[in-house]
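Subject: Handover of a structure, with notes on pockets, core and aromatic pairs

Dear colleague,

Please find below the structure that I am handing over to you.

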Amino acid sequence: MRRWQGDGIYFGGDYNPEQWPEQTWPEDVELMRRAGVNLVSVGIFSWALLEPAPGRFEFGWLDRVLDLLHDGGIQVDLATATASPPPWLARAHPEILPRRADGTILWPGGRQAYCPSSPVFRERSLELVRAVADRYAEHPAVVMWHVSNELGCHNVHCYCDVTAEAFRGWLRERYGDLGRLNDAWGTAFWSQRYGDWAEINPPRTAPTFANPTQQLDFLRFSSDEQRAQLRAERALLTTLVRQPVTTNFMIGTGIKHMDYHSWADDVDLVANDHYLTAADRQAHLGLALAADHTRGVAGGDPWLLMEHSTSAVNWQPRNVAKLPGQLRRNSLAHVARGADGVLFFQWRASRAGAEKFHSALVPHAGPETKVFREVCQLGADLKALAEVRGSRVDADVAILFDWEAWWGVELDSHPSVDVTYADRLNALYGALWRAGVTADIVHPSADLSAYRLVLVPTLYLVRDADTDALRRFVEAGGTAAITYFSGIVDENDHIRLGGYPGAFRDLLGVRTEEFFPLREGEQVRLDDGSTADVWTEWLHADGAEVLASYTDGPLPGVPALTRHRVGDGAAWYVGTRLDEPATDRLVARLLDEAGVRAAAPAPTGVEVVRRRDGERTWLFVINHTGAEIRLPVAGVELLTGTRCAGELAVPAGEVAVIREDRS
């Protein structure tokens with residue numbers, strides 16, 4: 001694998017000098033040096049400037065930018081510039097424009113106005129990649145290559161005729177013949193049986209519910225088409241350049257249609273973009289989950305935070321600015337959870353265009369601002385943390401996550417619209433976070449042998465091999481907890497017969513004969529004092545120990561929470577949607593049974609995460625509360641905090657990092 005270059009932690013962001021007069025560029029470099037910036041992404045949306053007409057390339061401005069950055073000691077993550085095609089391409093080839101399911105054409109004027117399956121787009125984009133790589137493969141500033149940008153953010157699904165033909169080809173490769181496809185799609189229902197490949201289309205707007213397996217396969221196909229663009233650009237780059245190649249994923253941003261677990265092997269390092277949801281007052285918890293998930297996609301290796309914001313974004317209904325200190329806390333929380341680079345969108349706030357109100361390292365008001373002062377402080381912090389680079393994060397708990405299960409559970413015509421994939425994921429993760437326990441978010445096919453506890457939220461779709469792997473984990477002494485609406489279907493979205501929860505029925509020692517989803521706002525109580533809503537089911541203990549049953553609602557006396565001994569371990573089943581206090585109590589019991597402890601004792605609202613490199617360990621303490629906290633620690637202080645009588649005092653809203661003394 002092509003390796004990261006340089007020392008220390010990367011710091012910087014997207015740099016778009018083409019938006020500014022050239023006399024601004026030297027000031028940019030000087031401010032970058034002042035802030036401690038050492039890496040910028042260049043050229044991401046520059047196709048129209050690099051190739052202003054078909055086959056005519058103009059590189060002079062980019063030559064001068066890269067030379068200036070190199071002279072200033074700033075390294076470059078150089079983009080292939082294919083993220084958004086220029087207007088001339090759509091004018092010459094209108095067939096590249098994407099269409100919605102109802103046939104609406106998406107026109108140029110924003111970004112990503114292209115069909116992912118378009119052979120014309122693929123050909124012209126690769127011509128640009130070759131031209132850029134030929135020119136800059138040996139430029140001393142370039143240490144990394146950046147394929148496209150946020151692939152699939154706006155155009156992940158296209159329903160045009162070009163896509164339809166590509167979808168048929170994908171289906172032929174997946175199924176081989178129409179008989180297998182008809183079986184997989186269950187086309188005996190509603191007279192949908194296909195007799196010719198040409199009869200098959202994407203799931204365009206239909207009179208009522210489209211075939212669910214057709215929908216699921218189209219989601220798989222669409223992810224693969226975006227991945228194909230990544231793979232095509234990366235394959236060409238690897239014949240021309242020697243630096244590592246990456247692209248920016250969007251894990252934890254609510255973008256759900258790319259299966260990043262399957263993309264991880266197509267990059268030399270995993271990079272991610274993450275933005276807070278302004279309306280969420282607990283957004284730092286979602287940040288932690290996204291960082292842990294990115295690390296899981298990276299196989300536990302360090303990763304790169306390619307984009308986040310210094311303050312407000314521009315695209316939410318209410319774009320709330322970050323309070324003093326929040327920029328630093330957010331950034332160092334990513335580092336705590338495995339990031340070896342902290343980059344932002346963007347260097348200088350745009351004066352025109354759709355993102356002109358998006359925050360930047362240099363805001364509209366200039367460098368004499370709260371934001372830029374905090375940027376400079378963060379640059380100094382990351383320099384002080386250089387030794388942490390390359391270390392990994394300690395985690396004894398895994399949460400299983402599968403994008404295909406997410407797609408499947410949120411298809412239409414299901415028992416309850418209130419059952420969503422992220423709901424139980426967020427609930428269980430939040431309980432771990434409040435308990436001070438770090439988790440890896442991994443695919444169900446991952447090696448589970450290093451973990452003590454595995455949590456399985458709403459794994460509606462699951463393959464037999466992954467079910468068997470979880471059983472082996474439990475038999476070997478592990479503890480697993482599975483929530484409702486898991487194990488229901490196979491990879492074709494076919495019900496696993498014999499009683500729910502299907503694939504996990506034997507492991508859990510339970511059998512459900514019928515779902516009893518609750519009405520909106522309806523609640524039930526359990527005999528252990530818990531409260532729940534959304535979901536109940538007619539559950540029978542078939543070897544499992546009943547830990548709690550309903551006292552009211554549609555199923556009084558019916559089990560809701562069970563535990564089943566299997567081999568040297570135990571499998572728990574959570575058959576209802578527990579409220580937050582009950583979820584916290586459940587997770588505390590699971591942690592106790594599995595023998596999992598927090599990285600260090602800390603009050604609520606304080607993150608404590610440990611990174612490790614062999615025998616060396618670093619403890620990150622992030623105080624999200626409004627009061628100073630004190631922790632017993634032993635080691636060398638790297639960042640912030642005051643040592644007092646064997647304790648570390650961390651002021652309100654601050655971050656401390658300790659190189660621990662493990663003797």
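Predicted model: local features only at pLDDT ≥ 70, side-chain atom pairs only at ≥ 80, totals over all residues.

Residues are numbered from 1 along each chain as its sequence is written, and side-chain values use heavy atoms, with hydrogens and water left out.

Pockets

Rolling a probe the size of a water molecule over the atoms shows where empty space is left. On a 1 Å grid over the protein atoms alone, a pocket is an open set of points where a 1.4 Å probe fits, with protein on both sides within 12 Å along at least five of seven lines; its lining residues have an atom within 4 Å of a point. A volume is the space filled by probe spheres set on the points, which are joined across faces, edges and corners.

The largest pocket has a volume of about 1,200 Å³. Its lining comprises 43 residues, and F45, S84, G110, R111 and E355 are the closest to its centre. Helices (H or I, at least four residues) and strands (E, at least two) are DSSP runs, numbered from the N terminus. On that basis, α2 (47-50) and α4 (87-92) each supply at least two residues of this lining, and α2 gives the most, with three. By class, the lining of the largest pocket has 20 nonpolar, 16 polar and seven charged residues. Here Ala, Val, Leu, Ile, Met, Phe, Trp, Tyr, Cys and Pro count as nonpolar, Asp, Glu, Lys and Arg as charged, and the others, Gly among them, as polar.

The second largest pocket has a volume of about 790 Å³. It is lined by 39 residues, with D280, G286, L289, A422 and N426 nearest its centre. Two or more lining residues come from each of α10 (283-297), α13 (403-409), α14 (421-434), β22 (577-578) and α17 (580-594). Helix α14 gives the most, with nine residues. The lining of the second largest pocket divides into 19 nonpolar, 13 polar and seven charged residues.

Nonpolar cores

A nonpolar core is a set of buried Ala, Val, Leu, Ile, Met, Phe, Trp, Tyr and Cys residues joined through side-chain atoms within 4.5 Å. Buried means under 20% relative accessible area, exposed over 50%, and partly exposed in between (1.4 Å probe, protein chains only).

The largest nonpolar core has 173 residues, of which L69, L78, W145 and L470 touch the most other members. Helix α5 (residues 119-136) gives the most to this core, with eight residues. Contact means heavy atoms within 4.5 Å. Apart from its neighbours within four places in sequence, L78 has contacts that include V42, L62, V132, M144 and W145. Another core, of 14 residues, lies apart from the largest one and includes W185, Y194, W197 and I200.

Aromatic pairs

Rings of Phe, Tyr and Trp (its six-membered ring) pair if their centres lie within 6.5 Å; planes under 30 degrees apart count as stacked, over 60 as edge-to-face and the rest as tilted. The structure holds 31 aromatic pairs. W406 and Y421 are stacked, because their ring centres are 6.0 Å apart and their planes lie at 20°. W406 lies in helix α13 and Y421 in helix α14, so the pair ties together parts that are 15 residues apart in sequence. W406 is buried at 13% relative accessibility, as is Y421 at 1%.

Y500 and F515 form a stacked pair, 4.0 Å centre to centre with 15° between the planes. Y500 counts as partly exposed at 21% relative accessibility, whereas F515 counts as buried at 14%.

Two individual residues

L97 lies in the loop between α4 and α5 and is buried, with a relative accessible area of 5%. Leaving aside neighbours within four places in sequence, the contacts of L97 include A90, I105, W107 and C115.

L425 is found in helix α14 and counts as buried at 5% relative accessibility. L425 and T458 are 33 residues apart in sequence, yet 7.8 Å apart in space, C-alpha to C-alpha. Beyond neighbours within four places in sequence, L425 is in contact with L289, I399, F401 and P457.

Yours sincerely
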